Structure formats: C-alpha cells, structure tokens
Amino acid sequence: MKRSRRAVVIGTLAALALGATACGSSGGDPLGGGSSASAASGAPAAGGSGGSGSTVVVGSANFPENVLLGSIYSQALKAKGVKVEEKFNIGSREVLYGQLQSGNLTVLPEYNGALLAYLDAKATAVTTQDVNAALAKTLPASLGILASSPAEDKDSLSVSQETATKYNLKSIDDLAAKAGEFTIGGPPEFKSRREQQFKDVYALTFKEWKPTADTTANALKDGGIQVGNVFTTDPKIVQYKLVPLADPKNVFGAQNITPLVNKAGVDATATAALDAVSAKLDTAGLTALMKRVAVDKEDPSAVAKDWLKSNGLG
C-alpha cells in the first residue's frame, strides 16, 4: 500500500482513484489496491468494537499521511473520553477493509473516491456529494462513512507561484490562453490518461508533455515545466511554494479524507469527535502538517497533538 498508489482508475475517464499515482511520502490513496467486485458483499461485522464504554480501535495504512490522520482521529477521540486502541501501519486497503468488516478495526481514515472505486470499478461519481451518496448505497450494512473533510489528497495541475502571478492563473480554466506555450509534466502514463480529457473539458492543448514522474514538483520549481501533476498534499507544494489550480469542472474526482467506520463500534460521542475533526481539516492545513512529518521528520503523533490543540479539539 505505502505510497505506491499509481493504479486505480475511477471508471474510464471520470477520475483517478489515487491507487498508483502517489508521490513520495506525501498524500494519495496509500490504501492502494485495485477495485474489488466482491468487497461490497462481504460478511457483516462480527460484533464490532462496541459502542459506549467499549474500546474504539483506530487503524491506518502503512504510509505517513494515513498514520498522521489515524493519530489525529485517535487523539481527538481520547480527548472526548473515548477508550482507544491504535493499530497503525497495517497495510493495504484489502487487508484494512476486511479488518473493519470483522470488527477488529473500528475507524479508518479513508479517501472517498478511491474507496468507491475499490468497491465499484464502474462508478462514475466525481463530486464529493455524489461519491458519498454512491458509497452509502454500496457499502455493506455493517460499515458507514462519517462526514467528509474538505481536505483532499488528489491529482492537481499545479504551477509555480511565479507562473501563477505572471499569468493570473487560479483555475485550470485560466490555462486555456497559455497552454499552447506551456510544457506539462507528470507520471509516464499521465499523457495517455488525461490529454484528450483536458482537450474535451477545458479546451487545453499543451506544447509538450514530459514524463517527470516523482520529479514533477522539482521540475516546476526549476522551470523545466510550467504545469505539473502534483498531488495536493505533497509537502513540496509548501516547500517550493507551488499553486494547485482549482478544478471547477471536476476532471479530477473527489478524494476527500473521510472516516470509514464499523457502525457497531462508534457511538454518538465518537461520531461527534470525528465529525469535528473533519470540519476543521482542509487540504492546505494537511499539506503543512505533512511537510512537518515527511520533510522535517517530526513524529506524527506530536504533529497531530499540535493540530488538535490549535483547533480546540485536543
């Protein structure tokens, strides 16, 4: 699972499921894994972790962002008097999903679009609302999602601060007038997956496509490319002062960080604590936290504690 998430596609062109195009130690769908037609029809939870008074088991995938999010969830629950056990760095979505269904885990930080693609490879929902509505219909009765946060770890088209200022670029729409002069970079498969979509949806035709892979953010910083496919919680966005452009036409589907829960294991207190986290967590804030974890090498639990305290949740 880790950060090697360059694989899953939501439908055909709707959106990448963030399974395989992760970048380094930043965000993405580190839960990895391809779609699973049988995942939604698994056995119901065997008792769960219990409601009020029982222990809530918070799990995480084995990559830094998910561990950080798991720690935020765990400490937020503890602050409200909930008994918590942490089981972090477990592995891929296939393993974690089964653990949630069995009740061995109670709460997991998930990415709603990637989770939907795992459950239904033919899903075409791209907005947060539509993705969550589809999940509500697709998840087995034993599992559910709580409120999604505004924070997303997803594909973006990003530019340098200098380029954004010079050409007044705020959204992908704004690239239309200059795309013919710009070189765009991203994973080797990015051109085949996205070139026609950018033409159809945003009328963009770039001068050149370069396979920059994990060096995309560096190429933007150094000027080797003018536009790059960078994931929105990559710490290099903060480190290099990059500007992710808004995507008003939803070429990149929703990947909101969303608690996935075994319903039998969470009561009203736990639900309220996790919903409060989601209400405060945004992409810019998570990116800054990930810089502390991935670049500055700070302990995720300490970073989580600082964030909760600064937001009145710890």
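This is a predicted model: local features need pLDDT of at least 70, side-chain atom pairs count only at pLDDT 80 or more; totals for chains, interfaces and linings use all residues.
Residues are numbered from 1 along each chain as its sequence is written. Local features need pLDDT of at least 70 and side-chain atom pairs count only at pLDDT 80 or more, while totals for chains, interfaces and linings use all residues; side-chain values use heavy atoms, without hydrogens and water.

Helices here are DSSP runs (H or I, at least four residues), numbered from the N terminus. The axes of helix 1 (residues 64–79) and helix 9 (residues 268–280) come within 9 Å and cross at roughly 130°. Axes are lines fitted to C-alpha atoms over the stretch in contact, and angles run from 0 to 180 degrees between N-to-C directions. Ile72, Tyr73, Ala76 and Leu77 of helix 1 make the contact (heavy atoms within 4.5 Å) with Ala270, Ala273, Leu274 and Val277 of helix 9.

In helix 11 (residues 300–310), Pro300, Val303, Ala304, Trp307 and Leu308 are buried (under 20% relative accessible area, 1.4 Å probe, protein chains only). Seen down the axis of helix 11, these buried residues fall within an arc of 130°, so they line one face of the helix; the arc is that of the directions from the helix axis to the C-beta atoms. An α-helix has 3.6 residues a turn, so residues three or four places apart point the same way. The buried residues of helix 11 pack against helix 1, helix 9 and helix 10 (283–295). On the other side of helix 11, Lys305, Lys309 and Ser310 are exposed (over 50%).

Key: Helices (H or I, at least four residues) and strands (E, at least two) are DSSP runs, numbered from the N terminus.
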